[in-house]
Amino acid sequence: GVQVVKAPASGALHKDIGHDADLYFAYNPQPWITLGGGWSYLFWGQFLKENAQGVGSSYPFVFFTYRF
């Protein structure tokens with residue numbers, strides 16, 4: 001899901017959104033094509049901990065690159 005996070009009207013106490021870790025794979029069926037996918041996890045920083053609900057976020061992703 002998506003979560004919209006707004007800074008408080010009085011201003012945010014911290015600017016650190018967080019850090020992420022990614023695991024991914026890539027496959028080259030042709031020298032000019034790359035296919036891949038993976039998984040990412042966002043470790044929440046102080047800004048998100050103070051202004052959002054929940055804990056860290058994880059999500060899968062896919063990618064396609066065509067070089068010309």
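Which residues do ring pairs link into a cluster? I looked this up and found that Trp39, Tyr41 and Phe43 are the ones linked. I noted that this is a predicted model, where local features need pLDDT of at least 70 and side-chain atom pairs count only at pLDDT 80 or more, while totals for chains, interfaces and linings use all residues. I also noted that residues are numbered from 1 along each chain as its sequence is written, and that side-chain values use heavy atoms, leaving out hydrogens and water.

For the rings I used this rule: those of Phe, Tyr and Trp (its six-membered ring) pair if their centres lie within 6.5 Å, and planes under 30 degrees apart are stacked, over 60 edge-to-face and the rest tilted. By this rule I get a count of four aromatic pairs. Tyr41 and Phe43 make an edge-to-face pair, because their ring centres are 4.6 Å apart and their planes stand at 70°.

Next I checked accessibility (buried is under 20% relative accessible area, exposed over 50%, partly exposed in between, with a 1.4 Å probe and protein chains only). Tyr41 is partly exposed at 23%, and Phe43 is also partly exposed, at 46%. Phe64, which I located in strand 3 (residues 57-66), counts as exposed because its relative accessibility is 53%.

Last, I looked up pLDDT, the predictor's confidence in each residue from 0 to 100. The chain averages 90, and 97% of the residues score at least 70.

Note on methods
Helix = DSSP H or I, 4+ residues; strand = E, 2+ residues; numbered from the N terminus.
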